[in-house]
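Here is a friendly look at how some side chains meet in a protein model. Take a moment with the picture first, and then we can go through a few details together.

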Amino acid sequence: MNAAPVYDLILQGGHVICPASGIDGVMDVAVADGKIAQVAKSVIPSSAKSVIDVRGKLVLPGMIDTHAHIYRYVTGRFGLDADMVGVQSGVTALIDQGGASCMTFPGFRHFVAEPAASRCYAFISAYLVGGLEGHYYPQLYSPEGVDVNATVAAAKANRDLVKGVKAHAEIGGYARWGTKVMELGAQIGRDANLPVYVHFGQLWSLPPEGANGVDGDTIIERTVALLRPGDILAHPFTRHPGGFVDKSGKVHPIVRAAIDMGLKIDVGHGSHFSYKVARRALDAGVVPHTLGADMHGYNTFLPPPPGTPTEHPDEENHPFAGQARFSLSQAMSSMLALGLTLQQVVPMVTSNAAQMAGLPDEIGALRPGMAADVSVLDDVRGRFKLQDNERTVITAERLLEPAFCLRAGRRYDAIAPILPRAIAA
């Protein structure tokens, strides 16, 4: 008499990489009751109700996108459907960067986090208005638009979802208000005991009177002085002024000092990403800690919601102009094409990202007893074109494409319409 199956399913024969567990090799992953039950070289197929052949594929802890924009509709064209960016793109957990504020967080919980199949977390906005289309309305992001006490209270009251604070350090804001807004954002992080995620690279246009004596190359040093270990510097590879690379093409010395003092770096790929800047930064030893995709409605070619602006007055050059479709897995492919190894890139979207969210015991690993959040990727070899938003094209010999994921043991195929298609070189 045959014994009843022990497992619900087995992912059989894939290349399993779990940095948190030190696993890197061909393994089987067994799932039972929505949890990881076993990771071993061989699990008897007859012990499971279902077996999925994943030979030749990468099997990773459920990928975590550290820079998402998923507060749909409330943030105008920025907000995308959470599951389209998440499980339908092979990603099991999302961190919304600054969409929700202390005023709008209940809506984020009720309308985004609770109904989504993807795990949804947030770095709460330092601004009362949250992540509105600020490149149209920079005046909303002044010091008067920050309420430290209210934002700290909202963060503390929503600890299960709020994992950090989103703020901006860029010349459009610094020319208007100096470092005041950034000081308030850093204070929110301290008072709430949460990491602060800081956007670098010009976001807003200059005020009519110009830069007011502000040199964009001084922004990063002035900002790092306000931060604490564990805070996150975003967009190291931005194509916009005021980032990690100065006007002469050199990486600011303060970046190495910031890393040494315990600050972290997130790619924040998005429309800001530049292969040329990335090459300079990587050559200077600046290797990011985490990798957020930064997809939003301005760079995924979706129709804008009715009533939101359909065109930008500077459509070709505004900070969010999108010239190339991408995804978290394609951002990983970019990192590989730039010379990083798979063993460097996988932690950026798994164990390191889980640490950034303060959830290393819940997500980002394939440990028995943890929820069966698993990402399965096709590892395609050949010659492929990758293009950034400066229209720089590089050739990749390896392309990672999502096949499907498991979220708490349930399968979701990678069917998101925003996923890029491979382009042969």
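Over which ring does the charged end of Arg 411 sit? That ring belongs to Phe 404, and the charged end of Arg 411 is 4.0 Å from its centre. Keep in mind that this is a predicted model.

Two of them are set out here.

| Pair | Arrangement | Centre to centre | Angle between planes |
|---|---|---|---|
| Tyr 127 and Tyr 141 | edge-to-face | 4.8 Å | 75 degrees |
| Phe 200 and Phe 244 | edge-to-face | 6.2 Å | 80 degrees |

Tyr 127 and Tyr 141 both lie in the loop between strand 8 and helix 3, so their pair ties together parts that are 14 residues apart in sequence. Both tyrosines are buried. They also belong to a cluster, linked by ring pairs, with Trp 177 and Trp 204.

The phenylalanine pair links distant parts of the chain: Phe 200 is in strand 10, while Phe 244 is in the loop between strand 11 and helix 7, 44 residues apart. Phe 200 and Phe 244 are buried as well.

Now for the cysteines. How many disulfides does a search of the whole structure find? The search finds zero. The sulfur of Cys 18 has its closest cysteine sulfur in Cys 405, 16 Å away, which is too far for a bond. For Cys 405, the closest cysteine sulfur is in Cys 120, at 12 Å, again too far for a bond. Cys 405 is buried, with a relative accessible area of 0%.

Cys 405 is also among the contacts of Thr 92, a residue of strand 7. Thr 92 is buried too, with a relative accessible area of 1%.

Note on methods: Residues numbered from 1 in each chain as written. Predicted model: local features only at pLDDT ≥ 70, side-chain atom pairs only at ≥ 80, totals over all residues. Heavy atoms only, no water. Helix = DSSP H or I, 4+ residues; strand = E, 2+ residues; numbered from the N terminus. Buried < 20%, exposed > 50% of the residue type's maximum accessible area, 1.4 Å probe, protein only. Contact = heavy atoms within 4.5 Å. Disulfide = S-S within 2.5 Å. Phe/Tyr/Trp six-rings, centres within 6.5 Å; stacked < 30°, edge-to-face > 60°. Lys NZ or Arg CZ within 6 Å of the ring centre and 35° of its normal. Lists of a residue's contacts leave out its neighbours within four places in sequence.
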